[in-house]
Structure formats: C-alpha cells, structure tokens
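I opened my notebook for a friendly look through this model. My entries follow, in the order I looked things up.

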Amino acid sequence: MTKLGVLMPVSMQKAIFSEASRKELESIAQVEWNPTDVQFNDDEAAAFLQDCEVSVGSWRTPKPSKTILEACSSLKLWEHAAGSVKGFFTDDLRGSDIMIASCAPAIGKTVAEMVLGEMIIGLRRVIPNAQTNQTEFREPVPNKLYLAAATVGIIGASQVGRYFLQLVRPFGPQILLYDPYITHEAAAELGATKVDSLVELCKQCDAITMHTPMTDSTRHMMGANEFQAMKDDAVFINSSRGGCIDEKALIAELEKGRLFAFLDVSDPEPAEMSNPIRTLPNCIYTSHLAGGQSYHIGNQVVEDVKAYLNGSKPKMVVTWDMLDRLA
C-alpha cells in the first residue's frame, strides 16, 4: 500500500479532515499522521517523510525544499491542502519530477459561499438599514435589489469565480463576466455573458465581485475609472487580493457615499489602523476569512490521492508554465 505522510499539526488535521474523510484516506493508503501539534522544520519533515510516496502539507508546513527532496527520493506527489503553491517553485524544485497539486478548488467553495451571502446582504441594504434603524424606524428600501432583479458582475473566471457562478445562477440574476482569457462561447456555457470592457461591466452592474489572481497584469485593474463608472448604491466585493484594486480610488468613491464595499483583503494586509476601510460606515472589512480551513479541503485531498493512485491526475496539478496566471 502506498505510504502517505500528513505534515500538518493535529489541530489543523481536525479542521481539514472530517472523521469520514480521515477513515477514507486511511483505507486507500498507509497514512502517517503528524502526531504533534507543532509544525515540522525541514529536517524533521525529511525524516518524517522517509519512504513516503505522497506528502500532504498545508498552511505553514514545510515546502518541497532541497533538504526534503534529496532525503526523500520516493516522493512522487506533493498535495498542498491549502491554496497557492507559487512559493514551491524555486530552484530547489527545478529538475524534480514530483507532482505538485493544490486544493485551491476546495477553498473556492467556502470563498464563493461567503461572497454570495455578502452580495445578498449588500443588495438588500441590510447593513445601512440596520444602522439607521437603531435610532429611528426606517422603511425598507423601495428599490428591488434582490438577486433576481439584479445585474451581477464577476471579474475573473477563476476557481472561485466559477463556483460563485454555480451558486448565484439559480437565483436568476443577469450575470456579466469579465475575463480576457475566456471566450464568449465558454462564458455562455457557464451561464454568463462576457463583456470585453471592465468599465462597461462596472457601468451595468448592481453588484460586482472580484476573483482574479494577483499578477503584474491584474495589479490595480480596478482603478479610478472603473470605480467611478459604477452605479450609485452598487455593491463591490473583493475576496481575491488587495493589490488587484486601487484602494485609494475605491475609498474616494466610498467617502462620497456612492458605493457599499465588502473587503476581505487589503494592500498591505492587514490594513493600517488608520485606513478608512476600517471605519467607513459603507465598508465592511474582514480579516481574510473567506477561505481557510474546511472539510472541503480534506475531501479534495482524498479525491486527489485516489486519482493519483488510479493513474489519473489530481484536480489541480500546477506546473511552471501556469505560474503567471495563478494567485
């Protein structure tokens, strides 16, 4: 039976693997679990992974370093039970044939779920209504800002963007999608209408959600022109990376009272205590909590290991040529 080493500490194991997924993993591989609640260093990880064919790491666990790869020649799959694996691709990895797999698709599910909730709350104007209702009774906003009557904009047909599409589509909004890397036909298959101009998407939408990776081409892609083009009372949600937006340009529109924003990320992160996004009444700033640990990740680990053992590929294998378009 294939030997598999789980590097993550005990508390993280419990947050990522349900009892069912843990048992299923043990039924398909000889699993060695980190018995401690501390992170290994590289030397400890190298000793722990001796004779393992599969390594399962996560946030803050060791990466596939030269120390580990040289000591563990039997390793064939490195399963990252978290998101970005860009940091793995260093000179230490060059020349190695180890397969690197990411559980970003599983994280996308929890991010999309939070975005859906924020969009419903934002369109219904629940927060400003509640703020006013503390001092005086306020009639519900007359505008029909429920999802079926809204035009929703999605920036980026990424893993999260696609999951969000799946969640929001049954509510019946008009869905616009901006992504230079997808065709009009592919967008239609996802249930969206592709627009070729980001400013045009901003002009048309009642709510916009950002799902792009942080790359040179996406830095500040939502800037002054885009935020100024948004409708009055529109909702903007960013759960991707803070650097994808020009934060000062967004703040300028928020200070006019025109928009409502949900920001789960900032640039830098965390935001300075003096940053207006912390105090503006029309901005909800959360501490990068949209993703994180969940049983979705453990379930994907099991499915990825099954696929590998059956001679197929895990759900998201990452290679050198993909790095310029990944978070």
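Is Cys103 buried or exposed? I find Cys103 buried, with a relative accessible area of 0%. For this term I use a 1.4 Å probe and protein chains only: buried is under 20% relative accessible area, exposed is over 50%, and partly exposed is in between.

A note on ground rules. The model is predicted, so local features need pLDDT of at least 70 and side-chain atom pairs count only at pLDDT 80 or more, while totals for chains, interfaces and linings use all residues. Residues are numbered from 1 along each chain as its sequence is written, and side-chain values use heavy atoms, with hydrogens and water left out.

**Cysteines**

I searched the whole structure for disulfides (a pair of cysteine sulfur atoms within 2.5 Å) and found 0. Cys52 is in no disulfide, and its nearest cysteine sulfur, that of Cys72, is 7.4 Å away. Cys52 counts as buried, at 0% relative accessibility.

**Helix H5**

Next I looked up H5, which covers residues 104-123. I take helices (H or I, at least four residues) and strands (E, at least two) as DSSP runs, numbered from the N terminus. The expected span of a helix is 1.5 Å times one less than its number of residues. For the 20 residues of H5 that gives 28 Å, and the end C-alpha atoms are 28 Å apart, which agrees. H5 is mostly covered, with 14 of its 20 residues buried. Just after H5, I noted that Arg125 takes a positive phi of about 55°.

**Salt bridges**

Side chains of opposite charge can pair when their charged atoms come close. My rule asks for a side-chain nitrogen of Lys or Arg within 4 Å of a carboxyl oxygen of Asp or Glu. By this rule I count 11 salt bridges.

One of them joins Asp267 to Arg219, with the closest N and O atoms 3.1 Å apart. This pair links distant parts of the chain, 48 residues apart: Asp267 sits in the loop between strand E11 (260-263) and strand E12 (283-285), and Arg219 in the loop between E9 and H10. Asp267 is partly exposed at 33% relative accessible area, and Arg219 is partly exposed at 43%.

I then turned to Glu253, which is buried at 3%. Its side chain meets that of Arg258 in a salt bridge, 2.8 Å between the closest N and O atoms, and both residues are buried. Glu253 also forms a salt bridge with Lys256, at 3.0 Å from N to O. Lys256, in turn, is exposed, with a relative accessible area of 56%. Salt bridges that share partners join Asp232, Glu253, Lys256 and Arg258 into one network.

**Two more residues**

Where is Thr215? I place Thr215 in the loop between strand E9 (207-210) and helix H10 (224-229). Thr215 counts as buried, at 10% relative accessibility. Leaving out residues up to four places away in sequence, Thr215 touches Lys86, Asp324, Arg325 and Leu326, where contact means heavy atoms within 4.5 Å.

Glu44 is partly exposed, with a relative accessible area of 39%. From C-alpha to C-alpha, Glu44 and Pro62 are 9.4 Å apart in space, and they are 18 residues apart in sequence.
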